[in-house]
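Visitor: Please take me to the part that a database record marks, and look at it closely. Then lead me on from there through the rest of the chain.

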Amino acid sequence: MTETPSPLIEADHETILKILPHRYPFLLIDHVRDVVADKSAVGIKNVTFNEPHFQGHFPGHPVMPGVLVIEAMAQTSAVLIGLSRGITEELMIYFTTVDKAKFRRPVVPGDVLELHVSVKRAGSRIGKFEGKALVNGELAAEAEFSAMVQLPKSETKG
C-alpha cells in the first residue's frame, strides 16, 4: 500500500534556489508555505532597508516598487509550479500578461510581505494566476497574470 503525499508543501530558501533561476538582487522571495499542489501557495518576502531599489525609490521615503511586488507574486507562482510538478532544477518562466494590477498601500522596509497566489487556469505550458500581496493582513497589491513555462531539458525528454 502506498501513501498519498500530503497536498501541503513548503519551500525553504535552498529549494527556491533550485527551482528559480533568479539570484540576488532579483530573487524576491525568502520562503514559500501553504502550498497546495496545482492550486495555491503563499510566498514570504522580508522587506529590508538594504535592498538596492530603496536607494532611489525614494530617498528619504523608501517604497518597494509595485512592479517588484508583482514580480514576487510571479516568483511564488513559479515555485508553486515547480513543486507541483516535482521539478528540482531551474525553471524558466516568463510573463505573458499582467492584468488588473492595483496597489493599495506602500510596502516599506520592515514589512513582511505575504504573497498569496492561486491558479486560475493551468495548461501544460501556460498558466493564469491571481495574486494578492498582504502586509499584516492588509491588502497592499493585487494582480492577475499569465506566464509561459519553459520546462527543464530533463522534463521535455520522452
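Guide: Start with His57. His57 sits in the loop between strand S3 (40-46) and helix H2 (66-85). Helices and strands here are DSSP runs, numbered from the N terminus; a helix is H or I with at least four residues, a strand is E with at least two. UniProt lists His57 for "active site", in an unreviewed entry. Positions from UniProt are given in the numbering used here, feature names are shortened, and annotations may be inferred rather than shown by experiment.

A word on the model. It is a predicted model, where local features need pLDDT of at least 70, side-chain atom pairs count only at pLDDT 80 or more, and totals for chains, interfaces and linings use all residues. Residues are numbered from 1 along each chain as its sequence is written, and side-chain values use heavy atoms, with hydrogens and water left out.

Buried means under 20%, exposed means over 50%, and partly exposed lies in between (1.4 Å probe, protein chains only). Next, its contacts. Contact means heavy atoms within 4.5 Å. Leaving aside neighbours within four places in sequence, His57 is in contact with Pro62, Val63, Met64 and Pro65.

Now step into helix H2. Gln75 lies in this helix. Gln75 counts as buried, because its relative accessible area is 1%. Residues up to four places away in sequence are not counted here, and Gln75 touches Leu20, His22, Phe26, Leu27, Leu28 and Ile29.

Charged pairs come next. Side chains of opposite charge can pair when their charged atoms come close. A salt bridge is a side-chain nitrogen of Lys or Arg within 4 Å of a carboxyl oxygen of Asp or Glu. The structure holds 12 of them.

One joins Lys45 and Glu51, with 2.9 Å from N to O. Lys45 and Glu51 are both buried.

Another pairs Arg33 with Glu114, and their closest N and O atoms are 3.1 Å apart. This pair links distant parts of the chain: Arg33 is in strand S2 (residues 31-36), Glu114 is in strand S5 (residues 112-122), and they are 81 residues apart. Arg33 is partly exposed, because its relative accessibility is 25%. Glu114 is partly exposed too, at 26%.

A further bridge joins Lys128 and Asp99, whose closest N and O atoms are 3.8 Å apart. Lys128 lies in strand S6 and Asp99 in strand S4, so the pair ties together parts that are 29 residues apart in sequence. Lys128 is buried, because its relative accessible area is 15%. Asp99 is partly exposed, at 33% relative accessibility. Bridges with shared partners join Asp99, Lys100, Lys120, Lys128 and Glu144 into one network.

Now the rings. Rings of Phe, Tyr and Trp (its six-membered ring) pair if their centres lie within 6.5 Å; planes under 30 degrees apart count as stacked, over 60 as edge-to-face and the rest as tilted. This rule gives two aromatic pairs. Phe95 and Phe145 form an edge-to-face pair, 6.1 Å centre to centre, with 85 degrees between the planes. They come from distant parts of the chain: Phe95 from strand S4 (residues 92-103), Phe145 from strand S7 (residues 138-150), 50 residues apart. Phe95 is partly exposed, because its relative accessibility is 38%. Phe145 is buried, at 1%.

Phe129 and Phe145 form a stacked pair, 5.6 Å centre to centre, with 25 degrees between the planes. Here too distant parts are linked: Phe129 is in strand S6 and Phe145 in strand S7, 16 residues apart. Both of these residues are buried.

Turn to the surface. Strand S6 (residues 126-135) also holds Ile126. With Tyr94 and Met148, Ile126 forms a nonpolar surface patch of about 260 Å² of accessible area together. Patches are made of residues with over 30% relative accessible area and no salt bridge: like charges are joined within 9 Å, nonpolar side chains (Val, Leu, Ile, Met, Phe, Trp, Tyr) within 5 Å. The areas come from the Shrake-Rupley method with a 1.4 Å probe; for residues, only the protein chains shown count as cover.

Finish at Asn136. Asn136 is in the loop between S6 and S7. Asn136 counts as exposed, because its relative accessibility is 78%. Asn136 and Val98 are 38 residues apart in sequence and 25 Å apart in space, C-alpha to C-alpha.
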